Amino acid sequence: MARIRAVLLDAYGTMLSLVPPAPILHRALAEAGYLNPMAAVERGLTAEIRFYRAHHDRGRDATTLAALRRECAGILAGELLDPPPPGPLTEMLVDALRFQLFDDVLPALDALDAAGLPIVVASNWDYDLPTELERLGILDRFQAVVTSADVGVGKPDARVFAEALRRAGVGAGEAVHCGDDPVCDLAGALIAGLEAVLIDRDARHPSLSPRIDSLVDLGDLHGFL
């Protein structure tokens with residue numbers, strides 16, 4: 001696999017996981033005097049996350065992302081028994097959505113760096129993903145960050161992979177993409193002409209291949225470390 005000259009990585013579910021937001025939001029609402037049962041908060045967050053995933057490409061810049069977040073807060077408010085006004089609720093919602101790195105991310109990035117391979121993030125996310133990666137201390141590990149909001153469409157559309165390849169400075173046959181979604185990441189990358197690997201930490205897709213359960217196995221599978 002010596003022709004591999006760059007690695008593309010998905011973000012959410014591949015490198016980042018979401019800290020359970022319901023307890024954080026439930027506590028923030030109660031401290032502000034808005035009493036809602038946990039079940040209502042959980043329903044609201046489920047609806048909000050579903051809405052965001054369908055519309056994250058609209059968050060193209062600070063203005064459009066702020067508008068999208070207000071809409072998301074409105075979806076959340078529709079499930080709450082005692083919702084705050086839109087402004088405070090939007091702030092509480094954004095604060096409750098906190099991400100953390102999977103344990104295997106830093107070792108995997110170290111190994112890829114040691115191999116001299118540029119890494120580009122290719123993710124279905126709004127334009128603010130670099131801010132989140134910077135907060136987690138890994139933004140400088142990537143040659144570029146490409147989001148669906150940047151491109152205007154989400155994976156599995158080949159245009160996301162094409163932009164990531166352009167930013168990496170390599171052709172499709174010279175890169176491997178790794179992500180956690182069988183359709184958006186595995187099938188999407190293969191259709192776009194890349195090598196592709198599914199990260200499947202919880203063994204939800206045992207019939208799919210190639211598949212790994214830790215990012216540190218990515219190099220061993222493809223033989224470029």
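In the predicted model, helix α2 (residues 38-55) packs against helix α3 (residues 62-77) at an angle of about 145°. Their axes lie 8 Å apart. The crossing of α2 past α3 is right-handed. On the α2 side, the contact is formed by Val41, Gly44, Leu45, Ala47, Glu48, Phe51, Tyr52 and His55. Helix α3 contributes Leu68, Glu71, Cys72, Ile75 and Leu76. By class, nine of these contact residues are nonpolar, two are polar and two are charged.

Helix α5 spans residues 105-114, and its residues Val105, Ala108, Leu109 and Leu112 are buried. Viewed down the axis of α5, the buried residues fall within an arc of 100°, so they line one face of the helix. Their cover includes strands β1 (6-9), β3 (99-101) and β4 (119-123). Glycine 116 follows α5 and has a positive phi, near 75°.

Two aromatic pairs were counted. In one of them, the ring centres of tyrosine 12 and phenylalanine 99 are 6.1 Å apart and the planes meet at 85°, so the pair is edge-to-face. Tyrosine 12 sits in the loop between β1 and β2 (16-18), and phenylalanine 99 in strand β3, 87 residues apart. Phenylalanine 99 also pairs with tryptophan 125. This pair is tilted, with 5.1 Å from centre to centre and 50° between the planes. Tryptophan 125 lies in the loop between β4 and α6 (129-135), so its pairing with phenylalanine 99 of strand β3 ties together parts 26 residues apart in sequence.

Tyrosine 12 is partly exposed, at 32% relative accessible area. Phenylalanine 99 is buried at 15% relative accessibility, and tryptophan 125 is buried at 8%.

Methods: Residues numbered from 1 in each chain as written. Predicted model: local features only at pLDDT ≥ 70, side-chain atom pairs only at ≥ 80, totals over all residues. Heavy atoms only, no water. Buried < 20%, exposed > 50% of the residue type's maximum accessible area, 1.4 Å probe, protein only. Helix = DSSP H or I, 4+ residues; strand = E, 2+ residues; numbered from the N terminus. Arc of directions from axis to C-beta. Contact = heavy atoms within 4.5 Å. Axes fitted to C-alpha atoms, helices over the stretch in contact; angles between N-to-C directions. Left-handed = near helix turned anticlockwise from the far one by under 90°. Nonpolar A, V, L, I, M, F, W, Y, C, P; charged D, E, K, R; others polar. Phe/Tyr/Trp six-rings, centres within 6.5 Å; stacked < 30°, edge-to-face > 60°.
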